[in-house]
Amino acid sequence: MADQMVLQAQKWVNATYKSVAGYNPVTEDGKTGWNTMYSLTRALQHEIGITTLSNAFGPTTLSTLAARGPIKVGEPNKNIVKIIQCGLYCKGYSAGAIDGEMSNPTLFGFKTMMEDMGIPAEKVGNALPAKVFKALLTMDAYIFLSGGLEQIRLMQRWLNARYWEKSTFFIGPCDGFFSRDVQQALMKGIQYESGIPEGSANGIFGPGTEAGLRAHALGQGDSGTWVQLFSAACVANGPSNTSGDIASFSYEFGPKLASWVKKFQNFSAISETGKADFDTWAQLLVAYGNPDRGVDCCDTRFTITPSRAKALYAAGYRAVGRYLDEPAGSTLNKEIQPGELDAIFSAGLSVIPLWQYDARKLADFTYANGYSHGRKAHERAEGYGFNRSTVIYFAVDYDATQAEMDRIVDYFIGVNDALKSNGSKYITGVYGSRNVCSSVAGGAFVPYAYVSGMSYGFSGNLGFPLPQNWAFNQIKEFNFSAGSDTFALDRVAHRPGSDFGQNSVNQSGSSTVDQFIAYVQKVHDAAVAYGKGDANELCLQFMRWDKYTDSRWGSLFGDVDGAFIQFCTNRGLGRARDQAYLDPSMGVTISPDHLIASAAGYFLKGNAGVGKANRAELASWGGDLLTFYGEWSRSDNASPLDFCRRTLARPDVASTFSLSDLIEDIDGFTIAMKLKAGGTNIVTELRKILLGGGHKTRFSDFKAARFGNTTDGVKKTAKAFLEDDISDTLLSGTRALLIQRNCPIHKKPWLESDSVMDEFYRGFAEVLDRLIKQQ
């Protein structure tokens, strides 16, 4: 819908400057955008005597405007005042009539904007400084926007208030979103406080910045500006740790900040000190962190000979990234060479398979290329003998922008489809900037990221946190010496517990799926040997033990046979939760005990039907969705639909309802329905899903079997569990207790408006449909 005042501004600027050389007319549609701001910028340049007009409000425009002095009451050039008034309306502020007078409404408009920026209006009186004028003619927002974080907005406003008068600092947005510009502002703040001269403060992490950070180690009990800068850096990294919590912008280094820092350090694979030491400062501020910290992985395009492999092991490396192939016509000879894998494995190293055919410009990324590369990568990996569930990292080796991400995602969907068409033997990984890794993870559900962190200048590494699904982070290129032999090597940080490449090839039955199926077979054999009760039910009891067999679970689903639990442990069978495996379709790590808990709930309580709910939901997707609703209810008033899109079942985001949770819920449901129908056993049904191709259609099968294959069915069934009256008093009481624990008092689902809850349920249904398209 057109804004009449924006339309009036567009008509005025076009009518006034259409004959000026270098002026570009703006479309008169009443919609604010960069083109409108550019037209106002060119108009201002003309008014202050600049003859070569430009869209950029650059140093010449700023210095020329500043030389005139602030625009204040009585300004003789009415067109300049009209440009201010037009800019205010385009920013969403009222300015009175567009009449060229610095009237009270105009003064109120820009003073309100300055307050939103964090700059007290009394500092400038009734005058508009040149820097504020520059900020006015941008598309930066100075009010909190949906989906942002209040703590980031607090930090943004503080940075503006403290540094806006510095010659090299420019007023930034205050919308609650961290961005490249905000990161630059934070870096400049650190440089100013480090004593770097204003003119040399460039926002780049150089030797002077490093020296300033090394001189300002912080810990609990410290306070002041440096703590504010450090906590700002923590806030800027968002919920980029396994707990998903956000740091608070603070003047004091208290226990809560120290706790967050420890989680961040653990997530980032650096020493867990809970302090603002140099490694932590660097990890918060630049994609590569401290490039000289200890790491145990590397990659190279050069052949790893036996002597090189031994030298790498002696230097502390335990895995090396190598290329499966190279494009026809390449002269680099970077692919794995005959005998090389033996040299790597014999030295005690693992190998991380990499794939790169060109991948240096947008034109290289299409669905067709992705499918072709996926097929070739599968062929090459099989040719080398790589084991099932090996992760192959496909490269995006250039600075892909946000506008290009749809094409990048299409390429990876092609890769996924190719690998699935070949039996899902191998798992897709992505190599690229932080933004590329996160975008591909969210758009194509790629579970493992190899971050090109040493490419610090990439826009995709500035203003983006380390993705939740990172496995490797490339941090430094250098020349490695193995005696007299020297070759280029990249140092690579590894996240413990994540993918670590492969330390062997041609090992049948070695995948985590094979190992899990073998474990279940042993449990089923024990149940048959036990000779009492239903073998399938006994398997469900043992494999959800002991996390899902406590008194609360007992009251809801009945007690387990303690004698059978002991029978299994006497046979040397460990807990199912220790048998985690990589899902063959999506590659995420699956927790068997949660999967089995979901199966047990439906096996014991059945499928309530579309639009209805029973206790089975509590053990499965319903319980996870309720917890996720609580996560949304504690967020900064984000749109529930947007929150689901950004957070639910994404491998790159810490969430209370992860992609692995959803897969566990769905596979548990599928197994339970088959077992209840009779004539089968749990080993057979798991084989069908994990080795027989059932994983390829799990999402659509689940939507059909549980929700009647309709979006309305998904929404009604979710509403039945979260909101509707439930006759089962034990289930109703348990639901109420979980909501009380997870949600603010005023955010209980039944207290929200129907439109808000419909958005939440629609978000759940939409995510399920996205997964169906990817399967």
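Leaving aside its neighbours within four places in sequence, which residues is Asn473 in contact with? Before you start, note that this is a predicted model, where local features need pLDDT of at least 70, side-chain atom pairs count only at pLDDT 80 or more, and totals for chains, interfaces and linings use all residues. Residues are numbered from 1 along each chain as its sequence is written, and side-chain values use heavy atoms, with hydrogens and water left out.

**Exercise 1: Asn473**

Step 1. Contact means heavy atoms within 4.5 Å. With neighbours within four places in sequence set aside, Asn473 touches Ala287, Arg293, Val451, Gly453, Leu466, Arg491, Val492 and Ala493.

Step 2. Helices (H or I, at least four residues) and strands (E, at least two) are DSSP runs, numbered from the N terminus.

Step 3. Check accessibility. Asn473 counts as buried because its relative accessibility is 0%; buried means under 20% relative accessible area, exposed over 50%, and partly exposed in between (1.4 Å probe, protein chains only).

Step 4. Look at its side chain: a polar atom there lies 3.1 Å from the backbone oxygen of Ala287. A polar contact is a pair of N or O atoms within 3.5 Å; within protein, one must be able to donate a hydrogen and the other to accept it, and residues adjacent in sequence count only if both atoms are side-chain atoms.

**Exercise 2: Ser452**

Task: find where Ser452 lies, and say whether it is buried or exposed.

Step 1. Ser452 is in the loop between β8 (448–451) and β9.

Step 2. Ser452 has a relative accessibility of 1%, so it counts as buried.

Step 3. Leaving aside neighbours within four places in sequence, Ser452 contacts Tyr431, Gly432, Ser433, Phe458, Asn461 and Gln474.

**Exercise 3: Glu340**

Task: work out what surrounds the side chain of Glu340.

Step 1. Glu340 belongs to helix α14 (residues 340–346).

Step 2. At a relative accessible area of 2%, Glu340 is buried.

Step 3. A polar atom of the Glu340 side chain is 2.8 Å from the backbone nitrogen of Gln337.

Step 4. With neighbours within four places in sequence left out, Glu340 is in contact with Phe302, Thr303, Ile304, Arg322 and Glu335.

**Exercise 4: aromatic rings**

Task: sort two aromatic pairs by geometry.

Step 1. Rings of Phe, Tyr and Trp (its six-membered ring) pair if their centres lie within 6.5 Å; planes under 30 degrees apart count as stacked, over 60 as edge-to-face and the rest as tilted. The structure holds 49 such pairs.

Step 2. Tyr411 and Phe412 have ring centres 5.2 Å apart and planes at 80°, so call this pair edge-to-face.

Step 3. Tyr530 and Phe567 are 5.4 Å centre to centre with 55° between the planes, a tilted pair. This one links distant parts of the chain: Tyr530 is in helix α18 (residues 512–530) and Phe567 in helix α21 (residues 562–570), 37 residues apart.

Step 4. Compare the accessibilities: Tyr530 is buried at 13%, while Phe567 is partly exposed at 25%.

Step 5. Now pick out one aromatic cluster, formed by Tyr602, Trp621, Phe657, Phe669, Phe702, Phe707 and Phe764.
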